[in-house]
Amino acid sequence: MSNIHLTVNGKQESLDVSPMKRLLDLLREDLHLTGTKEGCGEGECGACAVLVDGVLVNSCLVPALQVSGSRICTIEGVSTEGRLHPIQQCFLERGGAQCGICTPGMILATHHLLDKHPNPTLEQIQEGLAGNLCRCTGYMRIFESVQEAAKLGSI
Amino acid sequence: MRSDVAQFNLSAPPSLDAVLAQLAAEPGKHTPIAGGTELMVALNTGRLTQKSLVSIHHLKELRFIRVDDDAIHIGSGTTFTDIRNNTTIASDFPLLIQSASWTGTIANQNRATLGGNICNASPAADTPPALLAHGATITLINKAGTRTLPYTEFHLSYKKTVLRPDELVHSVSLPRNFSGYRQYIRKVGTRNALAISKIALAALAKLEGDKIADIRLGAASLTDRPVRCTATEAALLDKSLGPKSIDATIRAARAALASETHTIDDIRSTAKYRAAVAGNLLEEFLRSLTA
């Protein structure tokens, strides 16, 4: 076991976990933050995407020890004071979320994208979200949601 | 079936020296893990056989891009995102930028490293063809010191490299002497994003009039390892791409490429398809030189 200190959604945490425990499992099992989903477990689908020190990663591929000392942002940390983040509001209003399994990762990938490209082209949106698979929407409504969020200057 | 994580150990020594000391003390016992985009997949699918891992992801000594007048040096811990964001690489080595953009997705590029891509030693890896075409050298490091060799000598066979159990890849160096060269890179996969290549070709050529004065070809999935296509290069050197000779030049080049192609049937493609497409990519590059 390793003792790991990290900050999750602004809250400092100290945990004794196996050093090879996946960040995904640390979040879901130890911290009960079940908004982060598991899809493929191979880094292909993006359902488990979170931000580590502001950078988008697939949490199923990150061993716990490698995030010791890091700041993590999960979907639970995106809204503030019970109010949806503008990106979440746009996904809700534009039909960018359907069954919901891909949505947390999609929102965080959008957050990362708009951080780098506040006014992304459609091509930049497609590349930024290429690692997040959705089997419901056909992606068009997701792209529209991202474009709307960019218009609002939501980051 | 996922592995039980309690069976695995992971340590994170504070410095490169400390990591090298640990590798030297028990050679072969500890497996280095950088961004984890390969080894964690193996863990998640129950295929990870190494029980003791040592993290090198946090080592600042391996994460650098240094630009000299005559070369660029890329630390093995440099991520694909770091590579894509570097303006010198963008201007001097567009083939490397293109291949870095093919490697996984943004989330994976934020974690995966150049050294990991090379050490994983897949014949289908995205960056090796560009590194081979650019005449890269690779520097390996252990507790005793460093050794530098041409990258063409690094891969021995399928997933086998010259890396010793106590060594890490330290850096990759690319000479900055390709001004005036025409550049080409193309990957053929099942879809644009995420797909692992069926075949890929990176190429550089310098023309003098219609004549090929220099040519460098790096390929993925053409044999059991990433390769420089030296027989094809030899067949093309000093040959003409003028209107009267281009068809004969291309025929000879395709024959030479077929002679050094040992493609395989696997889950991603067939040997026959790979061999045909490799020839087509080479022809596409050669014809583009006359435009």
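**Strand pairing, helix crossing and chain contact**

Q: Which residue in β3(B) stands opposite Asn9(B)?
A: Opposite Asn9(B) is Ser52(B) in β3(B). This is a predicted model, in which local features need pLDDT of at least 70, side-chain atom pairs count only at pLDDT 80 or more, and totals for chains, interfaces and linings use all residues. Residues are numbered from 1 along each chain as its sequence is written, with chains lettered from A and ligands numbered from 1 in the order in which they are written.

Q: What makes β1(B) and β3(B) a pair?
A: Strands (E runs of at least two residues in DSSP) pair if DSSP finds at least two bridges between them. β1(B) and β3(B), residues 52–55, have three bridges, in the parallel sense, so they pair. The open sheet of chain B has the order β1-β3-β2, with β1 and β2 (31–33) as edge strands.

Q: Why are α3(A) and α5(A) called oblique?
A: The axes of α3 (residues 103–116) and α5 (residues 140–151) of chain A cross at roughly 45° and come within 11 Å. Angles under 35 degrees count as roughly parallel, over 145 as roughly antiparallel, 65 to 115 as roughly perpendicular and the rest as oblique. The two helices are therefore oblique to each other.

Q: Which residues of α3(A) meet α5(A)?
A: Met106(A), Thr110(A) and Leu114(A) meet Ile142(A), Val146(A), Ala149(A) and Ala150(A) in α5(A).

Q: How many residues of chain B are in contact with chain A?
A: Contact requires C-beta atoms, placed from the backbone, within 7 Å; 23 residues of chain B are in contact with 23 of chain A. The largest share of the chain B side, four residues, comes from α2(B).

Note on methods:
Axes fitted to C-alpha atoms, helices over the stretch in contact; angles between N-to-C directions. Contact = placed C-beta atoms within 7 Å.
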